[in-house]
Amino acid sequence: MAMIGFDAVTVSRMEKNLQNEHFMSRQFSQSERRLIASRSGKRAAETAAANFAAKEALSKALGCGIFKLNLQEISVLRRESGEPYFEFSGLLKEKMESVHLCAQLSLSHENGMAFAMVLLQDDSGLF
């Protein structure tokens with residue numbers, strides 16, 4: 001079985017919140033905040049917007065909505081190659097592992113928008 005989720009976020013929405021420590025600490029893990037801080041100017045806002053879109057897309061793929069997730073348990077990070085990936089922790093990690101779900105992620109940004117597509121698949125080897 002596969003489930004998908006998609007979301008789009010305006011970069012300007014995130015740009016306004018980058019200096020709001022309360023917002024940033026609620027929406028992003030420490031690892032994500034370090035990633036965002038390592039980017040300069042508009043790239044920081046694009047990264048924050050793409051990461052937030054990824055969390056929204058994940059919630060849609062899971063069918064639970066973003067308010068049912070602890071966003072601190074979801075980190076959207078980048079490999080050295082630039083490829084985005086999820087790193088789960090806490091209860092969400094336990095749940096994903098117990099139901100044998102793995103998450104694939106694609107991010108993009110264009111014309112002031114950030115986009116995320118999430119594909120959840122069974123990783124138990126049964127299908």
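Which residues of α3 are buried? Let's start there. This is a predicted model, so everything I say is about that model.

The buried residues of α3 are E32, L35 and I36. Look down the axis of α3. Those buried residues fall within an arc of 95°, so they line one face of the helix. An α-helix has 3.6 residues a turn, so residues three or four places apart point the same way.

Now turn to the other side of α3. The face turned away from the buried side carries the exposed residues Q30, R34 and A37.

What covers the buried residues of α3? The cover includes α2, α4 and β2. On your sequence, α2 is 21–27 and β2 is 74–78.

Keep E32 in view. E32 forms a salt bridge with K55, and their closest N and O atoms are 2.8 Å apart. K55 lies in helix α4 and E32 in helix α3, residues 30–37, so this pair ties together parts that are 23 residues apart in sequence. Both ends are hidden: K55 is buried, and E32 is buried too.

On to charge pairs in general. Side chains of opposite charge can pair when their charged atoms come close.

How many salt bridges does the model have? The count comes to three.

Next, D7 and K60. They form a salt bridge, with the closest N and O atoms 2.7 Å apart. D7 lies in strand β1, residues 2–10, and K60 in helix α4, residues 42–62, so the pair ties together parts that are 53 residues apart in sequence. Is D7 buried or exposed? D7 has 10% relative accessibility, so D7 counts as buried, the cut-off being under 20%. K60 is at 43%, so K60 counts as partly exposed.

Then R79 and E83. This salt bridge has its closest N and O atoms 3.4 Å apart. R79 is at 41% relative accessibility and counts as partly exposed. E83 is at 40% and also counts as partly exposed.

Last stop, the surface. Which residues form a nonpolar patch there? I4, F6 and M117 do, with about 310 Å² of accessible area together. Take F6 from that trio. F6 is found in strand β1, the strand that also holds D7. F6 has a relative accessible area of 44%, so F6 is partly exposed.

To recap: α3 has buried residues E32, L35 and I36. D7 pairs with K60. And I4, F6 and M117 make a nonpolar patch on the surface.

Definitions and conventions:
Residues are numbered from 1 along each chain as its sequence is written. This is a predicted model: local features need pLDDT of at least 70, side-chain atom pairs count only at pLDDT 80 or more; totals for chains, interfaces and linings use all residues. Side-chain values use heavy atoms; hydrogens and water are left out. A salt bridge is a side-chain nitrogen of Lys or Arg within 4 Å of a carboxyl oxygen of Asp or Glu. Helices (H or I, at least four residues) and strands (E, at least two) are DSSP runs, numbered from the N terminus. Buried means under 20% relative accessible area, exposed over 50%, partly exposed in between (1.4 Å probe, protein chains only). Patches are made of residues with over 30% relative accessible area and no salt bridge: like charges are joined within 9 Å, nonpolar side chains (Val, Leu, Ile, Met, Phe, Trp, Tyr) within 5 Å. Accessible areas come from the Shrake-Rupley method with a 1.4 Å probe; for residues, only the protein chains shown count as cover. The arc is that of the directions from the helix axis to the C-beta atoms. Contact means heavy atoms within 4.5 Å.
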